Amino acid sequence: MDTEARAGADSSDAARIGGIYGRTSIRLADRKRRTGLRVSLFITCYNDTLFPETGKAVVRVLERLGHSVDFPAGQTCCGQMHWNTGYQEEAFPLLKRFVDQFRNSEAVVSPSTSCVAMMRDHYPLMAERLKDEKLKAEVAALLPRVWEFSEFLTKKLGLEDVGAYYPHRVTYHASCHGLRSLHVGDGPMKLLRAVRGIDLVEIENLEQCCGFGGTFAIKNAEVSSAMLSEKVRGVLNTRAEAVTGCDNSCLMHIGGALHRERTGVRPVHIAEILASEEGGQR
Amino acid sequence: MSDTALDPTTAPKFQVAAKTLMGDSQLRKNVRHATKVIQTKRARVVAEMPDWQDLREAGKQLRQHTMRHLDFYLEQFERNCTAAGGHVHWAKDAEDARRIVVDLVKASEVDGKSPTEVIKIKSMTTEEIHLNKALAQAGVHAYETDLAELIIQLGHDQPSHIVVPALHKNRAQIREIFMREMKLPGTDFSKLGGTPQDLADAARRFLREKFLRVKTAVSGANFLIAETGSVCIVESEGNGRMCLTLPETLISVAGIDKVIPRYQDLEVVLQLLPRSATGERMNPYNSLWTGVDKAPAGGDGPRNFHVVLMDNARTEILADEEARQTLNCIRCGACQNACPVYQQTGGHAYGSVYAGPIGAILTPQLMEMHHAQSLPYASSLCGACYEVCPVKINIPEVLIHLRNKVVKQQSSGLNILVNPEVMALKAVAMVFRSEGVFRASQKLGRLAELPLSHKDGQGVGWIDWLPGMLGGWTQVRDLRVMPKQTFRQWFEERGKDAPGRRSEDSVGKESGNER
């Protein structure tokens, strides 16, 4: 699609987006006028550093749906790596930093199931442990406004079809934290099924961990590798060209082995699939 | 696996033992197959229970309540068991428990002589304290009568699962062990058939002779019922029922965590346990007994009945508010079957009779955190264990808590200077505490990885070798190098391009294709 041509037809959002995306997107544009939210993006440390494309895709999807995105610049890390490895003292300041950065946000969206799980599962406990009443109250008030990207779409916005087009054979990896902590269920699958052109294939043993587990992959590299090998076999058995999911840490793990073995299968975050459009470059 | 008992005080680190065991392709196939079969059975019988989640909650509440009032229920059990003719002994630790049992066995005269043999029911508590070895040192041979424990004993092996101790052996291997090791006068086991029936028949012939001859039995316990002073054991083979009824003397060793308040509470645990453990709706044999039959000679069951209530660090676990839920465990082994780590390594890697996720939290605590510090890290925190636990023990949460205890040990005093991991994680924590330092580190990281990077056909940089600890990653995985621009740089630049910056204004320009 020619970007300039689109920019020229800027008179009405509905007409413009509708002209390009068809009927579904007219509905989406209507939705924008009614419910446009101001979303604060918590990109997470590793997505910021290693997977900027995922962040860009999140921005693109949210804006396309009529929401605005801001990025509190002082954000760094949720503290998951330290907390889960046993470095609790080191995680406390990161909790405070998160609250400082996002306390006034209308909605916080993060494209990482494990980071959101870290916050939901542990932030209340951490505030409790710090015996800080004010922080406890702030955490309690803020957490209901924190969403993992896919659940923001499915649960907060009630959407399945976000007007994406992705003509590729794809399999979905359900990250453990999304599955067992956030209970995203088949939300991501519903989003993917609504993508035009996609050939979605389900992987065997969907609920099995890929073996990443943060520092586990390094501390118990042998066991982690064996778990990864089973997951990679599952991915390859689907004959998909891309494996997607809601957490780039799992995808980095699986993708690392897919690349080492020169399988030609690529990892791609669900946001990047949902951001892709007909006439786009991919 | 050798004759050497699983002893957390001398066991190698988990990752070291795991590496060795994972080289055994037969073991891995056996473990993968067996855990899969049990998991499938469990899933089927759990799915048919519409109130399973309520039952789990009831189980949790029941166990939590018991632990909160453990002192009360233990004393109530002692009173009621004693009133029914049982003898209750208190053991502070493993050594204490071994001494009590050995003394009781020695005192249980058979035809005026101190016995040299006992029969045993599968009991992980007696494995925990290496009771068989202590008995042997006292000149008493213990015959394991549970089929799996018999296989372990004859094979000079160690249990690898709390419910299915010989899970790591397949039928062909069991046949070999039986043919080689089973000795019974007048019976030839060397031409044994290979069907399950053949093997069960051999075990039956071998064991029946012991049941009928040996007059002293040692067991564990699944539940102690405070209200009645009763003891409950559930099993699948009937060997337990034999041991509980035929001998003159029965000695049951139980951790103090095995108590439940009321008879009625069996309603909950006897639904949760078999479905979670073996995927059965009910255990084939459910034995419940209260003291001894006081009828004059000729009454049912043993004439002498002893319960050894063993602490062995359980009180310390109880004192730790965050880890106390460990004691709620009813030893079903569902977490072991569900654990993707256990499925790869089997149980011996954990260096303890308690393997898998429950072992990873229980063993270091039984050692009062002096040993087995690698076990809390033997998990990817995937949560599969928590999901299947019939009493909802949040194992990942306890693992993280124990990791914190380990880190505190490792970073005390000068330890911090010799531990690269502690130094690295503390340094990274400092990076995250400032936006400026974080940005600088992102730049620095991009420079540091340059010499390690190779370009692929698409011009993307990949790293296939990393030094030191990080080498664990690159042994089977590549790592993509950092892109030239971080997300935050992109977001900021984009703001500059679009003077309005409000992202609604930029929809027209951005909602699309340029990447």
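User: Which strand does E5(A) join through three bridges, running parallel, along with strand E7 of chain A? And how should I read a strand pairing?

Analyst: Strands of a sheet pair through backbone hydrogen bonds, either parallel or antiparallel. Two strands count as paired if DSSP finds at least two bridges between them. Strands (E, at least two residues) and helices (H or I, at least four) are DSSP runs, numbered from the N terminus. Here, three bridges join E5(A) to strand E7 (residues 242–245) of chain A, and the two run parallel. Three bridges also join strand E5 (residues 169–172) of chain A to strand E6 (residues 199–201) of chain A, again in parallel. A:Val170 stands opposite A:Ala242 in E7(A). In E6(A), the bridge partner of A:Val170 is A:Leu200.

This is a predicted model: local features need pLDDT of at least 70, side-chain atom pairs count only at pLDDT 80 or more, and totals for chains, interfaces and linings use all residues. Residues are numbered from 1 along each chain as its sequence is written, and chains are lettered from A and ligands numbered from 1 in the order in which they are written.

User: What is the strand order in the open sheet of six strands in chain B?

Analyst: The order is E1-E10-E7-E4-E2-E3, with parallel pairing. The edge strands are E1 (87–91) and E3 (141–144) of chain B, each pairing on one side only. The twist averages 25 degrees from one strand to the next. For such angles, axes are lines fitted to C-alpha atoms, for helices over the stretch in contact, and angles run from 0 to 180 degrees between N-to-C directions. Look at one end of the sheet. Four bridges join strand E2 (residues 117–120) of chain B to E3(B), and these strands run parallel. B:Ile119 stands opposite B:Tyr143 in E3(B).

User: Now helix packing. At what angle do H7 and H9 of chain A pack?

Analyst: Helix H7 (residues 88–102) of chain A and helix H9 (residues 133–142) of chain A pack at about 60 degrees, with axes 11 Å apart. So H7(A) is oblique to H9(A). The classes: under 35 degrees is roughly parallel, over 145 roughly antiparallel, 65 to 115 roughly perpendicular, and the rest oblique. The crossing of H7(A) and H9(A) is left-handed. That is, the near helix is turned anticlockwise from the far one by less than a right angle; clockwise would be right-handed.

User: Which residues of H7(A) and H9(A) make the contact?

Analyst: Residues are in contact if their C-beta atoms, placed from the backbone, lie within 7 Å. H7(A) gives A:Lys96, A:Val99 and A:Phe102, and H9(A) gives A:Leu135, A:Glu138, A:Val139 and A:Leu142. By class, they are five nonpolar, no polar and two charged. Ala, Val, Leu, Ile, Met, Phe, Trp, Tyr, Cys and Pro count as nonpolar, Asp, Glu, Lys and Arg as charged, and the others, Gly among them, as polar.

User: How do H14 and H15 of chain A cross?

Analyst: The axes of helix H14 (residues 221–237) and helix H15 (residues 248–260) of chain A come within 10 Å and cross at roughly 75 degrees. H14(A) is therefore roughly perpendicular to H15(A). A:Leu228, A:Lys231, A:Val232 and A:Val235 of H14(A) make the contact with A:His253, A:Ile254, A:Ala257 and A:Leu258 of H15(A). Six of these residues are nonpolar, one is polar and one is charged.

User: Where do the domains of chain A lie?

Analyst: Domain bounds come from an automatic or database domain assignment. For chain A it gives domain 1 (3–156) and domain 2 (169–275). In the contact between them, 27 residues of domain 1 meet 22 residues of domain 2.

User: How many residues does each chain give to the contact of chain A with chain B?

Analyst: Chain A gives 63 residues and chain B gives 60 residues. The chain A side divides into 26 nonpolar, 23 polar and 14 charged.

Definitions and conventions. Two residues are in contact if their C-beta atoms, placed from the backbone, lie within 7 Å.
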